[in-house]
Structures are given as C-alpha cells and as structure tokens.
Amino acid sequence: RRVTAIVLTHGHNDHITAAVALREATGAPIWLNPADLVLWERVHPGALPDHPVGHCTRFSVAGTSLFSMHTPGHSPGSTSLYARDLNTVFTGDTLFCGGPGATGRSYSDEPTILDSIRSCLLTLPGNTVVRTGHGDDTTIAAEACRVR
C-alpha cells in the first residue's frame, strides 16, 4: 500500500516523533490541527506539518471516508477521525477503554476533554467501535455510562 497522508490525532511526542521521518520516506504530507503546533515545535523545531486539520476535514482512505472531529482536552488540537462506513472512530488519546483519555500531559484539561467526549463523541451511534491511541478497543455505548 502507498501512504498518501499522515494524519495526527494530536501533538504529543509519543504520537508525532516518527512523523517527519515517515514523510521523508513516503512523500506523504503531514496533517495536524494547528492548535497543537506548540507541542509539535518541541519535537520538530524547524519543520512544519504540511496541512491543517480542522473540524470536518474529509480524508478518503481505501474507498472509505474519514471525517475529522475536533475533540480538544487531551491537547488543544486533539482530533478524532470518524469512519461512518466502518462504524469506527479513531480517538487518539481523547477516549480510552474505561473512560476519558489522560489529562496529566502538557496543555491537557479535564473539563475540556469531558465536554469534547459528551458533545462530540457520545453523539455517534452507540455501536460505533472506538479505536484508541493506547490500549483496547471499546464502543461508544460502553463508554457513555463511564463519562456521563
């Protein structure tokens, strides 16, 4: 398969360290929410992502559409990617199996992450599979009772 885009869910080092090397190896552009540039610059001073990810940015991947959802809280630019056709959302570190993602990192905020989960992610169908940035998969329904 050919890599056509590197879409980052947020700018913490454990999610972006390999991005520039991957871009160099594949020629694929890097997409990042501009609200996380302050985190990006700590890891990649002098290099920039190629494109901004906003709310409702659309990506086409292997015949499926992914739509970005700005879900701040873990970081200011945290972004989830929803694949309606696959009944799947990739939440990065915003929502984990067991509840909200971590808020002890740089630029994290617990009230903001809870608002993002409630107002954005929990509006998805309950049987939507949540692919997290770390750990086991879950569903929106399973996490709804843990976040409310």
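Tutor: Let's start with a strand pair: strand E2 (residues 30-32) and E3 run parallel to each other and pair over two bridges. This is a predicted model, in which local features need pLDDT of at least 70, side-chain atom pairs count only at pLDDT 80 or more, and totals for chains, interfaces and linings use all residues. Residues are numbered from 1 along each chain as its sequence is written, and side-chain values use heavy atoms, with hydrogens and water left out.

Student: What makes two strands a pair?

Tutor: Strands of a sheet pair through backbone hydrogen bonds, either parallel or antiparallel. Here, strands (E, at least two residues) and helices (H or I, at least four) are DSSP runs numbered from the N terminus, and a pair needs at least two DSSP bridges. For tryptophan 31, the bridge partner in E3 is histidine 51.

Student: In what order do the strands of this sheet lie, and which are the edge strands?

Tutor: The order is E1-E2-E3, an open sheet of three strands with parallel pairing. Strand E1 (6-7) and strand E3 (51-52) are the edges, each pairing on one side only.

Student: Which residues of helix H4 (residues 110-119) are buried?

Tutor: Buried means under 20% relative accessible area, exposed over 50%, and partly exposed in between (1.4 Å probe, protein chains only). In H4, Ile113, Leu114, Ser116 and Ile117 are buried. Seen down the helix axis, they fall within an arc of 160°, so they line one face of H4; the arc is taken from the directions from the axis to the C-beta atoms. Their cover includes strand E8 (95-96), strand E9 (99-100) and helix H5 (140-147).

Student: Where is glycine 92, and what is it in contact with?

Tutor: Glycine 92 sits in strand E7 and is buried, with a relative accessible area of 5%. Contact means heavy atoms within 4.5 Å. Leaving aside neighbours within four places in sequence, glycine 92 is in contact with Thr9, Arg131, Thr132 and Gly133. Its C-alpha atom is separated by 5.3 Å from that of threonine 132, 40 residues apart along the chain.

Student: Which phi does alanine 62 have, and is this residue buried or exposed?

Tutor: Alanine 62 has a positive phi of about 50° although it is not a glycine. It is found in the loop between strand E4 (58-61) and strand E5 (64-70), and at 65% relative accessibility it counts as exposed.

Student: And where is asparagine 87?

Tutor: Asparagine 87 lies in the loop between strand E6 (79-83) and strand E7 (88-92). Not a glycine either, asparagine 87 has a positive phi of about 55°, and its 24% relative accessibility makes it partly exposed.
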